[in-house]
Amino acid sequence: MLVFADDYVQLCKDTEGGNPNADKLCACTSGKIKPEDRAAAMKTLKLMGDAMNGGKPADPNDPEFAKGSAAQKDAENQCEEQ
């Protein structure tokens, strides 16, 4: 799957629920996610966004969801430390 940074940033913003710092946070996390984790992180963001909009909650036991969630959380932690 070919993934572009702008796609990630938009998905990230969509899941930030009106966070006034979403632009900065999403731009930062986009640069911190490892290329090999990017597709999983995007899938996680999409599933989280869908769940926030009344869709089916993501399965936390799904290995790809867990990988993406961990990558996203790690990137967010790195960005908060800056």
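## Tyr-8 and its contacts

Tyr-8 is in contact with Cys-26, Thr-29, Ser-30, Ile-33, Arg-38, Ala-41, Met-42, Leu-45 and Gln-72, leaving aside its neighbours within four places in sequence. Contact means heavy atoms within 4.5 Å.

The model is predicted: local features need pLDDT of at least 70, side-chain atom pairs count only at pLDDT 80 or more, and totals for chains, interfaces and linings use all residues. Residues are numbered from 1 along each chain as its sequence is written, and side-chain values use heavy atoms, with hydrogens and water left out.

## The nonpolar core

Tyr-8 also belongs to the largest nonpolar core. This core has ten residues: Tyr-8, Val-9, Leu-11, Cys-12, Cys-26, Ile-33, Ala-41, Met-42, Leu-45 and Ala-75. H1 and H3 are the elements that give two or more residues to this core. H1 supplies the largest share, four residues. Helices here are DSSP runs (H or I, at least four residues), numbered from the N terminus.

A nonpolar core is a set of buried Ala, Val, Leu, Ile, Met, Phe, Trp, Tyr and Cys residues joined through side-chain atoms within 4.5 Å. Buried means under 20% relative accessible area, exposed over 50%, and partly exposed in between (1.4 Å probe, protein chains only). In soluble globular proteins, nonpolar side chains tend to be buried together.

## Two disulfides

The structure holds two disulfides. A disulfide is a pair of cysteine sulfur atoms within 2.5 Å. With the bonded cysteines numbered in sequence order, the pairing is 1-2, 3-4.

Cys-12 bonds to Cys-26, with 2.1 Å between the sulfur atoms. Cys-12 sits in helix H1 (residues 5-15) and Cys-26 in helix H2 (residues 22-32), 14 residues apart. The S-S torsion is about -80 degrees, so this disulfide is left-handed. Cys-12 is buried at 0% relative accessibility. Cys-26 is buried too, with a relative accessible area of 0%.

Cys-28 bonds to Cys-79, S to S 2.0 Å. Cys-28 lies in helix H2 and Cys-79 in helix H4, so the pair ties together parts 51 residues apart in sequence. The torsion about the S-S bond of Cys-28 and Cys-79 is about -100 degrees, so the disulfide is left-handed. Both cysteines are buried.

## Ala-58 in a loop

Ala-58 is found in the loop between helix H3 (35-52) and helix H4 (63-81). Ala-58 counts as partly exposed because its relative accessibility is 22%. Beyond its neighbours within four places in sequence, Ala-58 is in contact with Leu-47 and Phe-65. Ala-58 and Ala-22 are 36 residues apart in sequence and 22 Å apart in space, C-alpha to C-alpha.
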